[in-house]
Amino acid sequence: MNDIIKEELIRIGNELWMQGFTPANAGNFSVKLADNTLLCTATGVSKNQLTKKSIIRIDLQGNPIDENNDFSPSSEIKMHIEAYKCRPDIRVVLHAHPIYATTFASIGKDLNDNILPEATLQLGSIPVAKYGTPSTNDLSKSIIKPLQTSDAVLLENHGVIVVAENLKMAQFKIEILEHYCHVLYNLNNLNQSKRLTDSQVLQLIELRKSNKLPGRALIKYSNEEIQFK
Ligand SMILES: [Zn+2]
């Protein structure tokens, strides 16, 4: 089973790297296993060069479990552990530096506009976690509050973190987030955009309810908001 998960992580690493989400050795991924240990990517490894050896099993304190191994856990593993602590419903954490989402993360404002139905439906409002120096407690603590409402969070002046119940949904969410930010960037350049109307947003809220989509999302419209959790 762990081998299948490792193969999935290798595939996702390749695909996100190809899309420019993880330049150099940026980004780190983890999966929570049934025994409450984690599989996580090693520090310093390009995500298009992941191997089964560079995906390490650790406990929830961040200590490596399997002796093998020349690799060490990601330097951001504290942030992943914090995410699993505050969100017992999730099994996957992906952290990356996609260009457009990182651009908006460096403005430091929550993204509250409803423009694309898929982004509103799957992600809702996208909050910003206050800046913390990478690999410090400041960064790992910064995600606690935004993860209460959302599965996709911008890390101020840094990148993004996405959480989900499985790898497939986590990959979808990070791709939806980056696509949305790319469109938003283009609309800002055009200096115009057309937002979804309240009734269009309400239909998406009903769709999210009837499809019983898992995960958390805060959908805002006019002066109203609805929290899915
Ligand atoms: Zn990072």
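Predicted model: local features only at pLDDT ≥ 70, side-chain atom pairs only at ≥ 80, totals over all residues.
User: Which residues in the largest nonpolar core touch the most other members?
Analyst: V153, L154, V160, I161, V162, V163 and L177, out of 60 residues in that core.

User: And which helix gives the most to this core?
Analyst: Helix 7, residues 167–190, with seven residues.

User: What is V153 in contact with, leaving aside neighbours within four places in sequence?
Analyst: On that basis V153 contacts P127, A129, I143, P146, L147, V160 and I161.

User: Changing topic. Where is I144?
Analyst: I144 sits in helix 6, which covers residues 144–149. Beyond four places in sequence, its contacts are E82 and C86.

User: Why does I144 count as partly exposed?
Analyst: Because I144 has 14 C-beta neighbours inside 10 Å, and a residue is called buried only at 20 or more and exposed at 12 or fewer.

User: How far is I144 from G159?
Analyst: Their C-alpha atoms are separated by 16 Å, and the two residues are 15 apart along the chain.

User: Now the backbone. What is the phi of N157?
Analyst: Positive, about 55 degrees, although N157 is not a glycine. N157 lies in the loop between strand 6 (152–155) and strand 7 (159–164). It is partly exposed, with 14 other C-beta atoms within 10 Å.

User: What about the phi of S222?
Analyst: S222 also has a positive phi, of about 40 degrees, and is not a glycine. Its loop runs between strand 8 (217–221) and strand 9 (224–228).

User: Is S222 buried or exposed?
Analyst: Exposed, because S222 has 8 other C-beta atoms within 10 Å.

Key. Residues numbered from 1 in each chain as written. Helix = DSSP H or I, 4+ residues; strand = E, 2+ residues; numbered from the N terminus. Core = buried A, V, L, I, M, F, W, Y, C linked by C-beta atoms within 7 Å. Contact = placed C-beta atoms within 7 Å.
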